Structures are given as structure tokens and as C-alpha cells.
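Reader: I would like to learn how packing terms are applied to a protein model. Could you take me through them step by step?

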Amino acid sequence: MTGLELPPAAREQIAIALTLMDAIDAQLEPLDEQLRAHAKRQPGCRALMRHYGIGPLTSVTILAELGDARRFSSSRQAVRFAGMDITVHQSDARRAPGHLSRQGPPALRWALFEAAQCARRPGSPDHDYYREAAARLGGNRACLAVARKLLKRSYHTLRELGEEALAPA
């Protein structure tokens with residue numbers, strides 16, 4: 001901000017915005033620490049954090065939004081619940097490329113997409129799958145494909161834990 005040539009009113013607006021951002025960050029810091037501590041103690045979150053890319057904050061979000069995985073009869077239903085299924089419009093021989101249905105909780109899709117971003121790293125177990133999908137579909141759609149895989153893994157992990165997945169921390 002110091003190197004820019006801005007009118008005084010614009011400088012004041014930027015200063016106010018930066019002050020507000022610092023105040024919000026200060027309020028969010030204790031909540032962030034509480035969520036991370038909760039994730040370390042809660043059995044379902046600990047189980048989810050064993051999957052590459054899923055950390056404390058994303059595990060809490062996935063568990064909170066997905067809930068009891070036993071209510072779904074298959075991982076496909078969990079994908080549909082999350083709104084990460086691909087809808088396709090097909091008429092005769094023409095088929096338009098699909099898009100996400102986005103029918104489920106946005107926070108769940110966000111957490112899974114953020115976790116899937118780690119597949120871009122060479123050390124990721126899903127890196128080869130990501131590279132192949134990215135070559136065919138592009139980077140964002142490849143991350144969505146990895147996010148669907150993570151959701152299916154999360155579903156199976158939580159379903160296997162049963163009651164313990166939702167036990168209090």
C-alpha cells in the first residue's frame with residue numbers, strides 16, 4: 001500500500017479493510033485452535049485424518065456434514081448427498097458434458113476439494129490418478145474426481161467405525 005499512488009479516500013478504505021481483517025483473524029484464532037484440539041480427540045476425525053490430504057479442520061467439517069455414514073447404503077449415495085455427482089443431459093446421440101449437481105452441503109464439497117488439492121503433490125498416493133485425469137479433463141475436474149474418491153474413502157472409514165465414529169471427544 002505504501003508504494004501505490006492512491007487518493008487519500010482509497011488509502012483510508014484499504015486501511016479500514018485491513019484493520020477489519022486483522023480483527024476477524026484474531027477472533028477466529030481461538031476457534032481454530034478448539035477445532036484442531038477436538039479433531040485430535042474425536043475418534044471419527046482421527047480416522048479421517050489417516051487419509052492423505054485430510055487434516056484437522058477438513059476432518060471436522062467432513063464428519064459434521066456427512067454425519068452418520070450408516071444412513072447411506074453405498075458410497076454412491078454419499079457422493080449424491082454431497083452434491084458431487086455429475087449430472088448429464090443427453091438427447092439421442094448428443095451428450096453435453098456434465099456438471100456437479102451441487103445439491104448437498106457446500107461446506108462438505110469445500111472440505112473435500114481442499115483435501116483433494118493435495119493430490120497435485122508428487123508424494124500423494126492419488127498423484128498418478130490425478131495426473132491422468134488432469135490430462136483428460138483439466139486440473140479442477142481432476143481435483144473433483146479425487147475429492148469424490150476421498151468422500152468414498154471417508155464413507156467407508158466412518159461406516160466401518162460405526163457408533164465410535166460419532167463418539168464424543
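Reader: Which residues in H3 meet which residues in H7?

Author: Ile62, Leu63 and Leu66 are the H3 side, and they meet Leu151, Ser154, Tyr155 and Leu158 in H7. They count as being in contact because they have heavy atoms within 4.5 Å. Before we go on: this is a predicted model, in which local features need pLDDT of at least 70, side-chain atom pairs count only at pLDDT 80 or more, and totals for chains, interfaces and linings use all residues. Residues are numbered from 1 along each chain as its sequence is written, and side-chain values use heavy atoms, with hydrogens and water left out.

Reader: What makes H3 roughly perpendicular to H7?

Author: H3 (residues 56-66) packs against H7 at an angle of about 70°, and their axes are 12 Å apart. Angles from 65 to 115 degrees count as roughly perpendicular, under 35 as roughly parallel, over 145 as roughly antiparallel, and the rest as oblique. That is why H3 is called roughly perpendicular to H7. By class, this contact has six nonpolar, one polar and no charged residues. (Ala, Val, Leu, Ile, Met, Phe, Trp, Tyr, Cys and Pro count as nonpolar, Asp, Glu, Lys and Arg as charged, and the others, Gly among them, as polar.)

Reader: How do you know that H5 and H7 are roughly perpendicular to each other?

Author: Look at the angle again: H5 (residues 106-116) and H7 pack at about 110°, with their axes 8 Å apart. H5 and H7 are therefore roughly perpendicular to each other. Leu112, Phe113, Ala115 and Ala116 in H5 meet H7 residues including Asn140, Cys143, Leu144 and Leu151.

Reader: Why are H6 and H7 called oblique to each other?

Author: Helix H6 (residues 127-137) and helix H7 (residues 139-161) pack at about 140°, with their axes 7 Å apart. H6 and H7 are therefore oblique to each other. On the H6 side, Tyr129, Tyr130, Ala133, Ala134 and Leu137 take part, and among their H7 partners are Gly139, Arg141 and Lys149. The contact of H6 with H7 has nine nonpolar, one polar and two charged residues by class.

Reader: What are the volume and the lining residues of the largest pocket?

Author: About 310 Å³ of space lies in the largest pocket. Its lining includes Arg76, Arg80, Asp85, Arg148, Lys149 and Lys152. The largest share, four residues, comes from H4. By class, the lining has three nonpolar, two polar and six charged residues.

Reader: Which element gives the most to the lining of the second largest pocket?

Author: H7 does, with four residues. E4 (99-100), H6 and H7 each supply at least two residues of that lining. Among the lining residues are His99, Leu100, Tyr129, Leu137, Leu144 and Ala145. About 260 Å³ of space lies in this second largest pocket. Its lining has six nonpolar, two polar and four charged residues by class.

How values were computed
Axes fitted to C-alpha atoms, helices over the stretch in contact; angles between N-to-C directions. 1 Å grid on protein atoms, 1.4 Å probe; cavity = no way out; pocket = protein on both sides within 12 Å on 5 of 7 lines; lining within 4 Å. Points joined across faces, edges and corners; volume = space filled by probe spheres on them.
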